[in-house]
Amino acid sequence: DSIGLVQVAAGLDYPLFLTAPAGDARLFVVEQGGRIRIIERGLLRSATFLDITSAVSSGGEQGLLGLAFDPAYATSGRLYVDYTDRNGDTHLSRFRVSSSPDLADPASEQVLLTVHQPYSNHNGGEVTFGPDGFLYVGLGDGGSGGDPQGHGQSAADLLGSLLRLDVSGSGYTIPPDNPFAGTAGARGELWNIGLRNPWRF
């Protein structure tokens with residue numbers, strides 16, 4: 001047996017993630033600069049599914065970094081993205097698909113969470129739904145080298161961690177079985193701490 005490369009699509013600009021809603025034959029490609037493109041039947045569609053380049057700081061480890069579709073996307077039309085804004089801070093945002101299945105509505109953005117990033121690197125960026133239906137969000141330790149501000153070992157802030165959120169409502173709530181839920185001085189959103197940069201998981 002041999003292994004080889006097969007080109008799936010051309011014409012993408014810094015593609016860094018690919019996913020699809022459950023049961024959907026299309027492929028959705030995240031471009032670091034702030035666009036989500038669709039590949040359908042082996043062809044890259046000319047229309048952009050979502051373009052938030054005007055809101056995104058891009059380059060190095062910054063940009064539009066993650067995309068997750070609601071497990072019930074076919075009926076809810078909800079999708080979630082993780083990106084660094086023009087100040088370099090992390091936004092976890094919810095968007096909705098428009099009346100066209102090939103276009104998300106950029107005006108539908110609901111920012112669920114904003115996290116200040118003290119440096120430009122170690123932004124994390126993965127967002128994905130677990131089998132429990134909750135949204136998991138990766139946040140790096142804030143950057144520089146060696147976690148100089150000690151975020152990774154702190155349960156008092158969100159950096160250097162994996163978050164677990166219930167996004168089934170209008171915003172988000174904290175699942176009651178999260179390990180720090182109800183703990184004084186700790187952030188209940190935390191599922192795991194001590195991480196350097198959960199860019200993908």
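Colleague: Hi! Which strands each supply at least two residues of the lining of the largest pocket?
Modeller: In this predicted model, those strands are β1 (15-19), β5 (64-69) and β9 (127-129).

Colleague: Nice. How much space lies in that largest pocket?
Modeller: The largest pocket holds about 160 Å³ of space. Its lining is made up of 13 residues, and the closest to the centre are Thr19, Ala68, Phe69, Thr128 and Phe129.

Colleague: And what is the lining of the largest pocket like by class?
Modeller: The count is 10 nonpolar, 2 polar and 1 charged residues.

Colleague: Switching topic: how many cavities of 30 Å³ or more does the structure hold?
Modeller: There is 1 cavity of 30 Å³ or more. The volume of the largest cavity is about 30 Å³.

Colleague: Which residues line the largest cavity?
Modeller: You'll find Asp82, Thr90, His91, Leu92, Leu113, Val115, Val137, Leu139 and Leu163 around the largest cavity. Two or more lining residues come from each of β7 (90-97), β8 (104-115) and β10 (135-139).

Colleague: Let's look at single residues. Where is Ser161?
Modeller: Ser161 belongs to strand β11, which covers residues 161-165.

Colleague: Is Ser161 buried or exposed?
Modeller: Ser161 is buried, because its relative accessibility is 0%, and the cut-off for buried is under 20%.

Colleague: What does the side chain of Ser161 reach?
Modeller: The Ser161 side chain reaches the backbone oxygen of Leu158, at 2.3 Å. Leaving aside neighbours within four places in sequence, Ser161 is also in contact with several residues, among them Val137, Leu139, Asn192 and Pro198.

Colleague: Good. One more: where does Asn178 sit, and is Asn178 buried or exposed?
Modeller: Asn178 lies in the loop between β11 and β12 (190-193). Asn178 counts as buried because its relative accessibility is 3%.

Colleague: Which side chain does the side chain of Asn178 make a polar contact with?
Modeller: The partner is the side chain of Arg164, at 2.8 Å.

Colleague: And which residues does Asn178 touch?
Modeller: Not counting residues up to four places away in sequence, Asn178 touches Arg164, Gly188, Glu189, Leu190 and Trp191.

How values were computed
Residues numbered from 1 in each chain as written. Predicted model: local features only at pLDDT ≥ 70, side-chain atom pairs only at ≥ 80, totals over all residues. Heavy atoms only, no water. Helix = DSSP H or I, 4+ residues; strand = E, 2+ residues; numbered from the N terminus. Buried < 20%, exposed > 50% of the residue type's maximum accessible area, 1.4 Å probe, protein only. Polar contact = N/O pair within 3.5 Å; in protein donor to acceptor, adjacent residues only side chain to side chain. Contact = heavy atoms within 4.5 Å. 1 Å grid on protein atoms, 1.4 Å probe; cavity = no way out; pocket = protein on both sides within 12 Å on 5 of 7 lines; lining within 4 Å. Points joined across faces, edges and corners; volume = space filled by probe spheres on them. Nonpolar A, V, L, I, M, F, W, Y, C, P; charged D, E, K, R; others polar.
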